[in-house]
Amino acid sequence: MILLRNILHGNSRTDILIEEGRIKRIGPVTEISPGTETVDCSGKAVIPGFVNTHTHAAMILLRGIHEDLNLYDWLNNIWKIEAKLDQDFIYWSTKAACLEMIRSGTTTFNDQYWFCPHARLAAIEMGLRPVVSFIFLDSNNPEMARKQRDACQRLYERTLSWGEESQFAVSIHSVYTVCEENILWANQFALDHGLKVHLHLSETRKENEDCRRNHGGLSPTEYFDSLGIWGPHVIAAHCLHLSDEDVRILGSHRVNCVHNIHSNLKLASGFQFRYNELRDAGANVCLGTDGASSANDMDMLQHMKSAAIMQKAWRADPLAMPLDQLMDCATEHGARALGIDSGVIREGAWADLSLIDLDSTYFLSPGSITANLVYAAGSRAISSVMARGRWVMRDHVIPSEQEILAAARRVVSQI
């Protein structure tokens, strides 16, 4: 058991008792069981761990390799490098990504990348909760499509022995890289086995234009709708170039729509993410960092700040994306999308928590702690992180960090 004594939660100080990975009590704790670790949190505040709902974690070692390109030129260059990657690269690069995610308060991430069992193992060893997936990306090649269906089935059978510390999902890369037969097969496979579906949607105008040309005038959202893909089991990344009808469809099916602000801005894909419209239509809006090779960082707080100020700017409305909704998108909404009891601080939920060090200039004012964290202090204020009731960082120290950095340098030098 762990007792966080006198910690600032919301607007008041309280105690938080953690037992078997979950929050057992929020409130004064007078009787302490023998062996309980008691932590004095007088100078600390607590927030839920962030849920990064769309990323490609192992791409962290490809950061900065291809800059100043549009999405399609960037993809063509990256795919040539990815052909050289192996499971050792994925394992150590995912561990390196976990270092960054832990330091910035992420406790769960929804990953879409190759050699996913090795990414899963790396994340679990770091103490985080990964959702990893088999990726359908067949380039409309019938033979490749068949092989991928067989490989997905075999991998799923392996995942049946996985514990609750991780999840397996199915990824349909995009409308332009997966044939219709595999889109239908992958979605039905996910429904049959209670899995999430993770895909890219309307990331660029070109994607929309190509889809309309190839599928009878339908947008990607409309095309997927015609195939019966949509539902609350689907996590759709980007969702950037959406018509009113697209928004209505996604909202009516309670799709989980992930905003990836830095990737969209940096690749010049666009910036007018329709947060208000998706929210009001009924979609569950989440946040994700995308991969560090396109967005360059995996710091959810940076993405939160950019997402909020961009909404305010393009809408010419300072009330757009208020702090409470911004925090929900980065925590509770992501947990809801993944079907986990996290992203909130309440009794019974998983103890996925970050401790904020208030002893700095950033928190001297009596203003909102959330505002000062998001808009000023950033991740440097996060001193300790707990995932599933276990410390993954204490007082800025992450175990085995130097070993991970050395191994990451070794694997990246080999490609």
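Start by selecting helix H1, residues 71-82, which gives the most to the lining of the largest cavity, with 6 residues. (Helices are DSSP runs of H or I with at least four residues, strands are runs of E with at least two, and both are numbered from the N terminus.) A cavity here is a set of points on a 1 Å grid, over the protein atoms alone, where a 1.4 Å probe fits but cannot get out; a pocket is an open set with protein on both sides within 12 Å along at least five of seven lines; and lining residues have an atom within 4 Å of a point. This is a predicted model, where local features need pLDDT of at least 70 and side-chain atom pairs count only at pLDDT 80 or more, while totals for chains, interfaces and linings use all residues. Residues are numbered from 1 along each chain as its sequence is written, and side-chain values use heavy atoms, with hydrogens and water left out.

Stay with that cavity. It holds about 220 Å³ of space, a volume being the space filled by probe spheres set on the points, which are joined across faces, edges and corners. Now select His56, Trp74, Leu75, His173 and His200: of the 22 lining residues, these are the closest to the centre of the largest cavity. The lining divides into 12 nonpolar, 7 polar and 3 charged residues. (Ala, Val, Leu, Ile, Met, Phe, Trp, Tyr, Cys and Pro count as nonpolar, Asp, Glu, Lys and Arg as charged, and the others, Gly among them, as polar.)

Which residues line the second largest cavity? Select His66, Glu67, Asp68, Leu69, Lys266, Leu267, Ser293 and Ser294 to see them. The volume of this second cavity is about 40 Å³.

Next stop, the largest pocket, with a volume of about 400 Å³. Pick Gly10, Val46, Ile47, Met327 and Thr370, the closest to its centre of the 20 residues that line it. Strand S1 (2-9), strand S5 (44-48), helix H12 (323-330) and helix H14 (369-377) are the elements that each give two or more residues to this lining.

Now for the largest nonpolar core. Such a core is a set of buried Ala, Val, Leu, Ile, Met, Phe, Trp, Tyr and Cys residues joined through side-chain atoms within 4.5 Å; buried means under 20% relative accessible area, exposed over 50%, and partly exposed in between, with a 1.4 Å probe and protein chains only. Select Trp230, Leu278, Met304 and Ile356, which touch the most other members among the 108 residues of this core. Helix H2 (residues 87-103) supplies the largest share, 10 residues.

The term means a side-chain nitrogen of Lys or Arg within 4 Å of a carboxyl oxygen of Asp or Glu. Select Arg149 and Glu181, whose closest N and O atoms are 3.5 Å apart. This pair links distant parts of the chain, with Arg149 in helix H4 (residues 142-159) and Glu181 in helix H5 (residues 180-193), 32 residues apart. Is Arg149 buried or exposed? Arg149 counts as buried, at 14% relative accessibility.

Then go to helix H6 (residues 205-214), where Arg213 and Asp210 lie 3 residues apart, about one turn of the helix. Their side chains meet in a salt bridge at 2.4 Å, N to O. Arg213 is exposed, with a relative accessible area of 59%, whereas Asp210 counts as buried at 17%.
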